[in-house]
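Hi,

Here is the structure I promised to pass on.

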Amino acid sequence: MEPTYNFDDHFKKLLKNLFGDMDEALLKQIFESGKKTELNSGDYLFKQGDGNNELFIVLSGRLRALNQDSAGTAILGDIGAGEPVGEIALFTNEPRMASIVAMRKSLVLEISQEMYGEIVRNNPGFAASLTRFVINRLRRNLLQQNLQAAPSNIALINMHDSNPVGELAEGLKEFLGKDFISTKVFHKEKYGPDGLTEELENHKGVNLMLCSGKDQAWTKQCLLHADLIVLLADAEADPSLHPVEESQELYGDSVLNKKTYLVLLHDEDSKSPRGTIKWLEPRNVNLHIHVRKTNAKDLRRLCRIITNRAVGLVLGGSGIKGYAHVGAVKALLKSGMEIDFVGGTSAGALYGMAMTYADFDFEKVDTICRQSVENEEGINDFFLNFFSKDSEKDIAGFVENIFKDTQLEDFWINSYCVSTSISNSEVRVHTKGPVWKQVQASFALPGIFPPVVIDNQVYVDGGVSDNIPVDPMYRYPIKHIVAISLTGSEPQKVEAKDVSSAWSQLKETFAKKKKYDSPALTSVMVNSMTFNSRQKEEITKSKVSLYFEMNLGAVSLLDDSKWEKVVKKGYDQTRDFLTELKEEEKFWS
């Protein structure tokens, strides 16, 4: 006997979100007239090339779109409740362009072409609403796709008895509740595998399912219903694969594999993480996250990440002006914003990675800046050393002195920097390996700094191809991106008599006092090399939640002696920018 479904508030809200402000009586008619079909995990709604042309609306559960060709199967993305499926075939009568498979138990509403035609005849606005939704979906960038695919059912798998998984789950529930997200914690003792399905479907919010793998039946049920798998590991334990990872084949090559995060738990007083790569090598996880067990800031960050609401910060490049990033981030944090991921290029990579390396302890960050100037290891000295055969050694020594032997994957906050491959002029995103090496590659501006070789490939400054590397941030489960550009400046007038000859500039390199501050050999070189990249910045503005372009026209590209003034300028301008925002734009408050 086919189960009956009532047109309750949940289904009413789903259809209203899809079709807009449509008459409730019509929505009820659509719901009651359409055929409801239940799918179990692994069931196909339809396959690529099929000739049927029904429209489906996901009422509950989660589906996955697949493209299958001679090269294999590619995952196109996941489809959550409230989204239509198969609308292209409905409009064009062409074969299905992709296969759709259920990731977990799901319910879909089927609308035949005949029924669609009847609804449109009675209410032409229905076609317009559906068409508008389809166009908007085709326009979505990866950030918007992340938001739509936010997980509801999350399996927390405790791999070590030393982890207080129950306390952690309650902490997550508390913080999610403060963000008005209804959260329910499920464990075997109260629900058992038989009662899990109904309880999960009845709760319209975030469901945290606790399991350890010791009870295979319960673990299997949790994984079957999960949209996201979160592995909880003691960072100091043996990094070998846990039995539950092997028995449940978490890293197998299957189209039904769920997105998996590895959370490495540390004691509150732990220093910087070490040896993360030993955990990552045997596992094919989508993301790793470092969390101090009782650290409220880390728990809030974890909450945002597992619900696709994280905040990403992207810092642009521009030589010594990069000191301004330090002031800008100070202003962001003082405003109450919390940052979950950091990306940068060139100077943005140097100062962005320095701040995450110091875990945003600005006393440490200021010390790094001060020491680089006092020891005459700033950008200015790099340029002077351009004439020296030891320049590469000097640059590497400077960056290595900052980051020591720290690896990028060992930062408390996940970070990346970008460089440009000389061989194909493509952007390389660095997320692992020695920080100093990746950062050195990211600001190796051609003609000023020597290129860097990593894995037998030659790399130069990332700003050459992308001065505000926003696109890599889409890889993370983010909701908001804040991008800061240092290229904003008022045009600087230069009198002809103020520009020195090439020979005068070379002689002045070795002089104690400088007569000229000529743009010919510095600013012009930097600006010309990054011209195309800066044109791309105009496109970037439309991709982020906040885009701030600082005016640093009065800041010399090579004079790092006034770094404190540059930091203050960055702080003041960012503070004023945030103050002038409308309240609805202040997403963090």
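This is a predicted model: local features need pLDDT of at least 70, side-chain atom pairs count only at pLDDT 80 or more; totals for chains, interfaces and linings use all residues.

To start with a term that I use below: a crossing of two helices is left-handed if the near helix is turned anticlockwise from the far one by less than a right angle, and right-handed if clockwise. Residues are numbered from 1 along each chain as its sequence is written, and side-chain values use heavy atoms, with hydrogens and water left out.

**Overall**

The chain has 23 helices and 22 strands; helices (H or I, at least four residues) and strands (E, at least two) are DSSP runs, numbered from the N terminus. Of its 589 residues, 52% are buried, where buried means under 20% relative accessible area, exposed over 50% and partly exposed in between (1.4 Å probe, protein chains only). Among contacts (heavy atoms within 4.5 Å) with a separation of 6 or more, 76% are between residues 24 or more positions apart.

**Two helix pairs**

Two packed helices are described by the angle between their axes and the distance between the axes. The axes here are lines fitted to C-alpha atoms, for helices over the stretch in contact, and angles run from 0 to 180 degrees between N-to-C directions. Angles under 35 degrees count as roughly parallel, over 145 as roughly antiparallel, 65 to 115 as roughly perpendicular and the rest as oblique.

Back to the handedness, then. Helix α14 (residues 323–334) and helix α15 (residues 347–357) have axes that come within 8 Å and cross at roughly 45 degrees, which makes α14 oblique to α15. Their crossing is right-handed. On the α14 side the contact involves Y323, H325, V326 and V329, and these meet A347, G348, Y351 and M355 of α15. By class, six of the residues in this contact are nonpolar, two are polar and none is charged. For these classes, Ala, Val, Leu, Ile, Met, Phe, Trp, Tyr, Cys and Pro count as nonpolar, Asp, Glu, Lys and Arg as charged, and the others, Gly among them, as polar.

The other pair is helix α7 (residues 165–178) with helix α13 (residues 296–306), packed at an angle of about 75 degrees with axes 9 Å apart. The two are therefore roughly perpendicular to each other. From α7 come L168, L172, F175 and L176, and from α13 come A296, L299, R300, L302, C303 and I306. This contact has nine nonpolar residues, no polar ones and one charged.

**The parallel sheet**

Six strands form an open sheet with parallel pairing, in the order β10-β11-β9-β12-β13-β14; two strands pair if DSSP finds at least two bridges between them. At the edges are β10 (183–186) and β14 (287–292), each pairing on one side only. On average, neighbouring strands are turned by 25 degrees against each other, direction ignored. Within the sheet, β12 (residues 228–234) and β13 (residues 259–266) are joined in the parallel sense by seven bridges, and L232 stands opposite V263 in β13.

Helix α10 packs on this sheet, where it touches β9 (153–158), β10, β11 (206–211) and β12, and its direction makes about 155 degrees with that of β11. Helix α13 also packs on the sheet, touching β9, β12, β13 and β14, with about 155 degrees between its direction and that of β14.

T219 lies in α10 (residues 216–225) and is buried, with a relative accessible area of 0%. Beyond its neighbours within four places in sequence, T219 is in contact with C211, S212, G213, V244 and Q248.

**A hairpin and a few other places**

Strands β4 (residues 63–69) and β5 (residues 72–79) pair in the antiparallel sense over seven bridges. They form a hairpin with two residues between them, and D69 has G72 of β5 as its bridge partner.

A102 sits in strand β7 (residues 99–102) and counts as buried at 0% relative accessibility.

P477 is in the loop between β20 (457–461) and β21 (478–485), and is buried with a relative accessible area of 4%. P477 and D340 are 137 residues apart in sequence and 9.8 Å apart, C-alpha to C-alpha.

Finally, in helix α19 (residues 435–442), seven of the eight residues are buried.

Enjoy exploring it!
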